[in-house]
Amino acid sequence: MQITDPIADLLTRIRNASSAKHPSVDVPASKLKKAIADILLAEGYVKGVQLIEDGKQGIIRIALKYQESGTPVISGIRRVSKPGLRIYSNSEQLPKVMKGLGTAIISTSKGVMTDRDARKAHVGGEVLAFVW
C-alpha cells in the first residue's frame, strides 16, 4: 500500500504509540524519516533510534521516552507542511513553537534540522513539523 504522506504517517505512529504508553514504535525506513527521528533523539524527545535491516526497505525502531509520572515527553506533535499545501519560510521568519519551548523541524538545502540550527546557519526551507 502506497502512503501519500510518509512524514504524517511517522508522526501519527509516534503520537499514537506514546498515548498508548508503548515502549517503542516501528516505522518503515527512509532517509528523511531517519533524519527526523535523529532530531527527535538529539532534542531529547525520544530515548533511542535504531535502524533494523530486513532485506527490503528497513525499519526504524524509535524508543519512546516517558517522565517518571508516566506521561509522555512528547506532549504534542503536528505536521505543518502537507502534500496539498507546502509551507516554506526564510531564515528570519522561521516559526517558534510554544515561544521557543518546542521545536520546529525544517527541511533545508543543508539537510533536515531544527529551527534554531536553521536560524544559526541562515537558511530557510520547508517547515515539516512542530514538536512540543
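Mentor: Let us start with helix α2 (residues 31-42), which lies across β1, β2 and β3. Its direction runs at about 155 degrees to β2. Keep in mind that this is a predicted model.

Trainee: What makes β1, β3 and β2 a sheet, and in which order do the strands come?
Mentor: Two strands pair if there are at least two bridges between them. Strand β2 (residues 46-52) and strand β3 (residues 59-64) have 6 bridges in the antiparallel sense, so by the cut-off of at least two bridges they count as paired. The open sheet has 3 strands in the order β1-β3-β2, with antiparallel pairing.

Trainee: Why are β1 and β2 called the edge strands?
Mentor: Each of them pairs on one side only. From one strand to the next, the twist averages 20 degrees.

Trainee: Which strands does α1 touch?
Mentor: Helix α1 packs on the sheet and touches β1 and β3. Its direction makes about 165 degrees with that of β1.

Trainee: Let us zoom in on one residue. Why is G48 classed as buried?
Mentor: Buried means under 20% relative accessible area. G48 has 19%, so it falls under that cut-off and is buried.

Trainee: Where does G48 sit, and what stands opposite?
Mentor: G48 is in strand β2, and it stands opposite A63 in β3. A63 is also one of its contacts beyond four places in sequence, along with L41, R61 and I62. As for S24, 24 residues apart from G48 along the chain, the two C-alpha atoms are separated by 9.0 Å.

Trainee: What makes D5 buried?
Mentor: The cut-off is again under 20%. D5 has a relative accessible area of 13%, so D5 is buried. The residue belongs to the segment before α1. Setting aside neighbours within four places in sequence, D5 is in contact with R79 and P83.

Trainee: How many cavities of 30 Å³ or more does a search of the whole structure find?
Mentor: The search finds 1. The largest cavity has a volume of about 30 Å³.

Trainee: Which residues line the largest cavity?
Mentor: The lining consists of S18, Y45, L64, K65, P72, V73 and I74.

Trainee: How does that lining divide into nonpolar, polar and charged residues?
Mentor: It has 5 nonpolar, 1 polar and 1 charged. Lys counts as charged, so K65 in the lining is the charged residue.

Conventions:
Residues are numbered from 1 along each chain as its sequence is written. This is a predicted model: local features need pLDDT of at least 70, side-chain atom pairs count only at pLDDT 80 or more; totals for chains, interfaces and linings use all residues. Side-chain values use heavy atoms; hydrogens and water are left out. On a 1 Å grid over the protein atoms alone, a cavity is a set of points where a 1.4 Å probe fits but cannot get out, and a pocket is an open set with protein on both sides within 12 Å along at least five of seven lines; lining residues have an atom within 4 Å of a point. Grid points are joined across faces, edges and corners, and a volume is the space filled by probe spheres set on the points. Helices (H or I, at least four residues) and strands (E, at least two) are DSSP runs, numbered from the N terminus. Buried means under 20% relative accessible area, exposed over 50%, partly exposed in between (1.4 Å probe, protein chains only). Contact means heavy atoms within 4.5 Å. Axes are lines fitted to C-alpha atoms, for helices over the stretch in contact, and angles run from 0 to 180 degrees between N-to-C directions.
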